[in-house]
Amino acid sequence: MSRPDDRGVLVDLGQERPQLPPKARNMSPIVPRASIHGRALVAVVAIMTFLASMTTGTVLLVSASAAEWQSDVASEITIQVRPQTGRDLDRDTAAVTEAIRAQAGIIEVKPFTKDESGKLLEPWLGTGLSMDDLPVPRMIIARVQPGTPLDLGALRARVTQAAPSASVDDHRAWIERMRSMTNATVLAGIGILALVIIATIISVSFATRGAMAANQPIVEVLHFVGAGDRYIANRFLRHFLRLGLEGGVIGGGAAMLVFGFSESIAGWFSGTPVGDQFAALLGTFSLRPSGYIVLAVQAVLIGAITAVASRQTLFATLNDVD
């Protein structure tokens, strides 16, 4: 005979089973929301989005400033009257000024005096240098009516007739160099954005594989009970889409704050050589409203790219599991 168990008599419950309260059930998602992989991915996406937004914003600032420069320069023409033996430079300058004013399409003419022309050379020659013995040419700036075609051939003929030593510069070569520099800046920005997106895709792929490896027992159980790849992939897809959007909002928002306060920060360096150079290059450092819209759309796109990259990695990993 067997002795009864000291712990008590076993009771057959029959069809009855203990029921767990709803709070005791496991209601956690398939993919844990607060995990090391998730926090790391949010940080990576936020950093990548910040870099991409700063690159895009800088390209927009440079493009806007270059467009303003080209518009200002294209509306001006510079006439140079060089000294010539046997001719009165002041008389030639006055004659050229009157010839320019008679040209159709010219709305303003400003001749530089001798002292003003000498001040233009101060950045190279310094101050306190006597210009009397130097053959300093006289400069004349003419402003063209916007949208009015100007007959440069006729203008050059008028100027040359008034003073044979005068020459006309419409800044076309400088504008072409500015356009080339702007295009190079835009291409460089596109290249940096491409590198950021590639780095984001690689980071998302590694994070997705890490999450799949950490949750492989759960994936195997879901396969065992008949869950399809699409059902499992959708659970992971929502998880990584949320992480991508969270990182995109953090990085894009930080970049918007930087550009929002950049004008105030630039004011601190106003009057300094560095501040003046940056102001000449980037203008007021403030983005237009359309620029902020571009940054917001870009942040959402990076979040979507995160989800798409995780989806491709998910199906490849699930095929390996199968």
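Leaving aside neighbours within four places in sequence, threonine 200 touches Met48, Ile302 and Thr306. Contact here means heavy atoms within 4.5 Å. Threonine 200 sits in helix 6, which covers residues 172–214. Its relative accessible area is 3%, so threonine 200 is buried. Buried stands for under 20% relative accessible area, exposed for over 50%, and partly exposed for the range in between (1.4 Å probe, protein chains only). The threonine 200 side chain also reaches the backbone oxygen of valine 196, at 2.8 Å.

This is a predicted model, where local features need pLDDT of at least 70 and side-chain atom pairs count only at pLDDT 80 or more, while totals for chains, interfaces and linings use all residues. Residues are numbered from 1 along each chain as its sequence is written, and side-chain values use heavy atoms, with hydrogens and water left out.

**Overall build**

The protein has 10 helices and four strands. Helices (H or I, at least four residues) and strands (E, at least two) are DSSP runs, numbered from the N terminus. Their order from the N terminus is α-β-α-β-α-α-β-α-β-α-α-α-α-α. Of the 322 residues, 34% are buried. Among contacts with a separation of 6 or more, 84% join residues 24 or more positions apart.

**Helix 5**

Helix 5 spans residues 152–162, and Leu152, Leu155, Val159 and Ala162 are buried there. Seen down the axis, these buried residues fall within an arc of 90 degrees, so they line one face of the helix. The arc is taken from the directions from the helix axis to the C-beta atoms.

**Annotated spans**

An unreviewed UniProt entry annotates "transmembrane region" at residues 40–62, 186–207, 240–261 and 291–309. Such annotations may be inferred rather than shown by experiment. Two of the spans are set out below.

| Span | Distance between end C-alpha atoms | Content |
|---|---|---|
| Residues 40–62 | 33 Å | 100% helix, 0% strand |
| Residues 186–207 | 31 Å | 100% helix, 0% strand |

**Confidence**

pLDDT is the predictor's confidence in each residue, from 0 to 100. The protein averages 75, and 75% of the residues score at least 70. Confidence is highest in helix 2 (residues 89–101), at a mean of 86, and lowest in helix 9 (residues 273–282), at 60. Over residues 1–14, pLDDT stays under 50, and the model has zero contacts there beyond four places in sequence. Residues 20–28 also stay under 50, with one such contact.

Definitions and conventions. A polar contact is a pair of N or O atoms within 3.5 Å; within protein, one must be able to donate a hydrogen and the other to accept it, and residues adjacent in sequence count only if both atoms are side-chain atoms.
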